[in-house]
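Me: I have a structure open and would like to go through it piece by piece. Can you take my questions as they come?

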Amino acid sequence: VVVTVAHTGNNYNSVGEFLEGVKIAESVVCNVQPVTGNELMMLPEGDRSRDVLNMWTKTLLTTENIVTRGGKDYEVNNVEGWYGYYKCRLIGRSPA
């Protein structure tokens, strides 16, 4: 599956001008699966009713990233190394 990962960072425009705090989006190849019942029970009670997924990727993400999958935004809640990949827990964002 390919998802879009957004983060805020510094960048340069086409004429070389420095741009601070620009929202940057990139495509990331990953495997997305639902969390297990045990993993769900380990979450704070308020997060258990939200859409929670596990994502494995070779791209290092941080908890500052926002992942878009199927038009829905997810917060990266946790990242851990997993046999040459990164296992990320995604929690669906509440509508604004």
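This is a predicted model: local features need pLDDT of at least 70, side-chain atom pairs count only at pLDDT 80 or more; totals for chains, interfaces and linings use all residues.

Me: Start with the fold. Which strands make up the barrel, and in what order?
Reply: The closed barrel has six strands in the order E1-E2-E3-E6-E5-E4, with antiparallel pairing. Helices (H or I, at least four residues) and strands (E, at least two) are DSSP runs, numbered from the N terminus. Two strands count as paired if DSSP finds at least two bridges between them.

Me: How are neighbouring strands turned against each other?
Reply: By 45° on average, direction ignored. Axes here are lines fitted to C-alpha atoms, for helices over the stretch in contact, and angles run from 0 to 180 degrees between N-to-C directions.

Me: How many bridges join E1 to E2?
Reply: Ten, between E1 and strand E2 (residues 18-34), in the antiparallel sense. Within that pairing, Val3 has Val28 in E2 as its bridge partner.

Me: And what about E1 with E4?
Reply: E1 (residues 2-12) and E4 (residues 66-69) run antiparallel and are joined by three bridges. Val5 is partnered with Val67 in E4.

Me: What holds strands of a sheet together in general?
Reply: They pair through backbone hydrogen bonds, either parallel or antiparallel.

Me: Where does E4 go next, and how does E5 pair with it?
Reply: Strand E5 (residues 72-82) pairs with E4 over four bridges, again antiparallel. Thr68 stands opposite Asp73 in E5. The hairpin of E4 and E5 has two residues between the strands, and Gly70 there takes a positive phi near 60°.

Me: What does the side chain of Asn65 reach?
Reply: The backbone nitrogen of Thr62, at 2.6 Å. A polar atom of the Asn65 side chain also lies 3.5 Å from the backbone oxygen of Ala6. A polar contact is a pair of N or O atoms within 3.5 Å; within protein, one must be able to donate a hydrogen and the other to accept it, and residues adjacent in sequence count only if both atoms are side-chain atoms.

Me: OK, Leu53. Where is it found?
Reply: Leu53 is in strand E3, and is buried at 9% relative accessible area. Not counting residues up to four places away in sequence, Leu53 touches several residues, including Val32, Pro34, Tyr74, Cys88 and Leu90.

Me: Now the helix. What does the side chain of Glu39 make a polar contact with?
Reply: The side chain of Lys87, at 2.8 Å. Glu39 is in helix H1 (residues 37-42) and counts as buried at 19% relative accessibility.

Me: How many salt bridges are there in the whole structure?
Reply: Five. A salt bridge is a side-chain nitrogen of Lys or Arg within 4 Å of a carboxyl oxygen of Asp or Glu.

Me: Which ones involve Arg50?
Reply: Arg50 meets Asp47 in a salt bridge at 2.9 Å, N to O, and forms another with Glu75, where the closest N and O atoms are 3.8 Å apart. Asp47 is buried at 14% relative accessibility, while Arg50 is partly exposed at 24%.

Me: Which residues are linked in a network of salt bridges?
Reply: Asp47, Arg50, Glu75 and Arg93.

Me: Last one: what does Lys72 pair with?
Reply: Lys72 forms a salt bridge with Asp51, the closest N and O atoms being 3.5 Å apart. Lys72 lies in strand E5 and Asp51 in the loop between H1 and E3, so the pair ties together parts that are 21 residues apart in sequence.

Notes. Residues are numbered from 1 along each chain as its sequence is written. Side-chain values use heavy atoms; hydrogens and water are left out. Buried means under 20% relative accessible area, exposed over 50%, partly exposed in between (1.4 Å probe, protein chains only). Contact means heavy atoms within 4.5 Å.
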